[in-house]
Amino acid sequence: MSVSHQQTETNNSTRQIPLIEPVPVDEKDPHLSKCLNRLETFLRLFGFCQDSCLSFSLSWILFLVMGVAVPVFIIHFAYCSNCEKYEIKRFELEILAFQCLAAAVSLICISHNLRKYGVRRFLFVDRCHGHMAQFREEYANNIHGFFRLLAMWVLPCFLVKVIREVACTLLTHPDLRWQAVTVPIGLIASWAYSTTVFLSGCALFNLVCNLQVIHFQSYGNLLERDLDVSVYIEEHIHLTHYLSKISHRFRIYLVLGLLLVTASQFMALVETTGNRRIITFVNAVDFAVSSLTELVGIIICLHAAAKITSRAQAIAAIVTKWNAIVTCNANDTSQVGLTNSSGNLDPDPSLPIMYAESDLEAVDYVPMPTDTQLASYMSLYQKRQAFVSYIQSNPGGFTVFGWVMDRALINTVFFVQMSLVLFVLGKTITITIK
């Protein structure tokens, strides 16, 4: 009795050992460590890493100077009087307000999480589901993809912004005074800083989701290993736990971003369709650039949320397929002991139901399974069925206050936004019939 009690305690202590253990990234893979240090340097340069009072103060001073003070000073004091003719000042102030709010939301939400968890814990790099060596290269590629995504969207918008500022300067400063050089440089630098901060927050959310998508995609490979069902359940619990952490950290950011982008698009729509004065390239192109960058940012976030939700919900189909294959590929001798609906054991279906007297001796040579084999098969089958039921009852996904961010919800958001756009157009665009 004491021996069995000790074995039970040993088994319980073994089960309490966590499946995931921290992995020292710096010692294992210098390439991944270099990518993480590069990412951390970039985030620190734009003020996201506010882990001390000095860095916190410098970050917000930089934001207030580059994002707010410089463009406001230029718009109020450096623009010429001819700008009123083109409604440039009013348009610039409206665009600047939403531009600063969007950048502030990214800076506040991302810096809060980085200050609380750090870059590596924020990306879940230190605790990689016990398979760190398998995913280092994919982690590094996704970090490089973070910079490629930023460059792909910031650079084209930057070129359009430069062309607009040059055209505006030629129109409003034909005499080439000192404003012809300082004004466009100041506005372009301020725009580049605010846009990069906003899109960096969106791209960082996309990076966090993509790093977890790697593990959801590799979950099918884990099922190919001959492990106990409890290991599969424990691994799925870890996956859903990390997904719930991501949802908790980014839900406020996603909601605020969606509301700001919606308000900004309505403002741009009202100004361009409801304005009775002339709309030109000079005074309206900033609406197009601002709307494009904000739409790109929110689309990046929604795409990442829908992607990780899709991968999480696809595990149910993978596990169901795995259970069917394992059950069908089981040995014939292990399938003899299936129970029927009344709880009795059914005979082997390969054996004939009626036997002739001359065949009764042959039945003695058929190897019938023992009670231990039957119990073992039924135990494994019931465990797999319980595992399938658990997965189907816990589909997972990125949630925003209980709402799963899947394709159905995104379609609903799209049609709501489209209805509001059509409503604004109906109020601003009118056709007079004489």
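Student: Which residues form one aromatic cluster?

Tutor: F42, F46, F146, F147 and Y193 do. Keep in mind that this is a predicted model, where local features need pLDDT of at least 70, side-chain atom pairs count only at pLDDT 80 or more, and totals for chains, interfaces and linings use all residues. Residues are numbered from 1 along each chain as its sequence is written, and side-chain values use heavy atoms, with hydrogens and water left out.

Student: How many aromatic pairs turn up in the whole structure?

Tutor: The search gives 16. Rings of Phe, Tyr and Trp (its six-membered ring) pair if their centres lie within 6.5 Å; planes under 30 degrees apart are stacked, over 60 edge-to-face, and the rest tilted.

Student: Why is the pair F42 and F146 called edge-to-face?

Tutor: Their ring centres are 5.9 Å apart and the planes stand at 80°, so edge-to-face it is. F42 sits in helix α3 (residues 30-45) and F146 in helix α6 (residues 132-172), so the pair ties together parts 104 residues apart in sequence. Helices here are DSSP runs (H or I, at least four residues).

Student: What makes F146 buried or exposed?

Tutor: Buried means under 20% relative accessible area, exposed over 50%, partly exposed in between (1.4 Å probe, protein chains only). F146 has 2%, so it's buried. F42, at 15%, is buried too.

Student: How do you know where R38 lies relative to F147?

Tutor: A charge sits over a ring if NZ of Lys or CZ of Arg is within 6 Å of the ring centre and within 35 degrees of the ring normal. R38 lies over the face of F147, 4.4 Å from the ring centre.

Terms used
Helices (H or I, at least four residues) and strands (E, at least two) are DSSP runs, numbered from the N terminus.
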